[in-house]
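Then we can walk through it piece by piece.

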Amino acid sequence: MRALHKFNEVYLEMLTELLRSVTQVQHQVQTHYKNQIENIFTGPGFFQMNERSLRKWQMIMQQYTTTNYDLWMDLLRNFDSQGGFFRGSKDKMDKQSEIFRQLSFLIFSTKKDQIRDQLDPLLKKMVDSFKASDKEQSFVMALFLLSRILMLRLGRRKLAEALKFLWPHLQAELVSVFDDPQN
């Protein structure tokens, strides 16, 4: 069983490296591999990859995000979708946590200040999420991760603007986490 897992891991790394090298040509990303990149990135097992594969995916997404903002907007739109009639609040929060992790990875893969034009809708979603009651721990962790990634990837001026908007809610959430006896 372990040998099969190791084989799958090596196979996945090989395919990731192949895709990374192909995406170095911007034309290839735009015409041939856009849907495949988006499907793998938004797939359920993306974050189960090993660290080396994720580092290669960081390069793939950096190349991808230089011209494609569709994925960014799709993730923000999917954040608010209900996902079905019988979907519970826990399932919705799990889905939103996954989207926050995907956005974090996408932002971390960009160059400094590359996302400044898409920042306002994201900050609004984050503030609304901080204000929500009965948050799952995984949701709060994804929200803190996204906040940290934003602090790393925004330039001084844009970060100051973002923190004016985000800081009171971030601070309130930090206080509530430290006040919770279950943490």
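## Serine 97 and its reach

In this predicted model, the side chain of serine 97 reaches the backbone nitrogen of phenylalanine 139, at 3.3 Å. Serine 97 sits in helix α5, which covers residues 89-108. Leaving out residues up to four places away in sequence, serine 97 touches Ser138, Phe139 and Ala142.

Is serine 97 buried or exposed? Its relative accessible area is 1%, so serine 97 counts as buried, because the cut-off for that word is under 20%.

## Glutamine 102, also in α5

Stay in helix α5 and you will find glutamine 102. With a relative accessible area of 3%, glutamine 102 is buried. What does glutamine 102 touch, once residues up to four places away in sequence are set aside? Its contacts are Phe41, Thr42, Phe47 and Leu75.

## The overall picture

Now zoom out. The protein chain has eight helices and zero strands, so if you read the elements from the N terminus on, you get α-α-α-α-α-α-α-α. The chain has 183 residues, and 40% of them count as buried.

Take the contacts in the chain with a separation of 6 or more: 77% of them are accounted for by residues 24 or more positions apart.

In soluble globular proteins, nonpolar side chains tend to be buried together. Here, the largest nonpolar core has 39 residues, and the members that touch the most other members are Met61, Phe100, Leu103, Leu122, Met126 and Leu150. Which helices supply at least two residues each? They are α2 (26-41), α3 (51-65), α4 (70-80), α5, α6, α7 (137-153) and α8 (156-179). Helix α5 gives the most, with seven residues.

Not counting residues up to four places away in sequence, leucine 150 touches Ile107, Ile115, Leu119, Leu122, Leu123, Met126 and Leu159.

Start with α3 and α5: their axes come within 8 Å and cross at roughly 75 degrees. That makes α3 roughly perpendicular to α5. On the α3 side, the contact is made by Leu54, Trp57, Gln58, Met61 and Thr65, and on the α5 side by Phe105, Leu106 and Phe108.

Next come α5 and α6, whose axes come within 13 Å and cross at roughly 140 degrees. The contact uses Phe100, Leu103 and Ile107 of α5 together with Leu122, Lys125, Met126 and Ser129 of α6. As for handedness, α5 passes α6 in a left-handed crossing.

## α7 and α8, side by side

Helices α7 and α8 pack at an angle of about 150 degrees, and their axes are 11 Å apart.

From α7, Val140, Phe144, Ser147, Leu150 and Met151 come to the meeting. From α8, they meet Leu159, Leu163, Leu166, Leu170, Glu173, Leu174 and Val177.

Helix α8 also holds glutamine 171, which is partly exposed, with a relative accessible area of 41%. Glutamine 171 and phenylalanine 130 are 41 residues apart in sequence, and 9.7 Å apart in space from C-alpha to C-alpha.

Most residues other than glycine have a negative phi. Aspartate 113 has a positive value, near 65 degrees. Aspartate 134 has a positive phi as well, near 55 degrees.

Where does aspartate 113 lie? Look in the loop between α5 and α6 (119-131). Not counting residues up to four places away in sequence, aspartate 113 touches Arg153, Leu154, Gly155 and Lys158. Between aspartate 113 and leucine 159 there are 9.1 Å in space, C-alpha to C-alpha, although they are 46 residues apart in sequence.

Aspartate 134 has its place in the loop between α6 and α7. Is aspartate 134 buried or exposed? With a relative accessible area of 70%, aspartate 134 is exposed.

Notes. Residues numbered from 1 in each chain as written. Predicted model: local features only at pLDDT ≥ 70, side-chain atom pairs only at ≥ 80, totals over all residues. Heavy atoms only, no water. Helix = DSSP H or I, 4+ residues; strand = E, 2+ residues; numbered from the N terminus. Buried < 20%, exposed > 50% of the residue type's maximum accessible area, 1.4 Å probe, protein only. Polar contact = N/O pair within 3.5 Å; in protein donor to acceptor, adjacent residues only side chain to side chain. Contact = heavy atoms within 4.5 Å. Core = buried A, V, L, I, M, F, W, Y, C linked by side-chain atoms within 4.5 Å. Axes fitted to C-alpha atoms, helices over the stretch in contact; angles between N-to-C directions. Left-handed = near helix turned anticlockwise from the far one by under 90°. Parallel < 35°, antiparallel > 145°, perpendicular 65-115°, else oblique.
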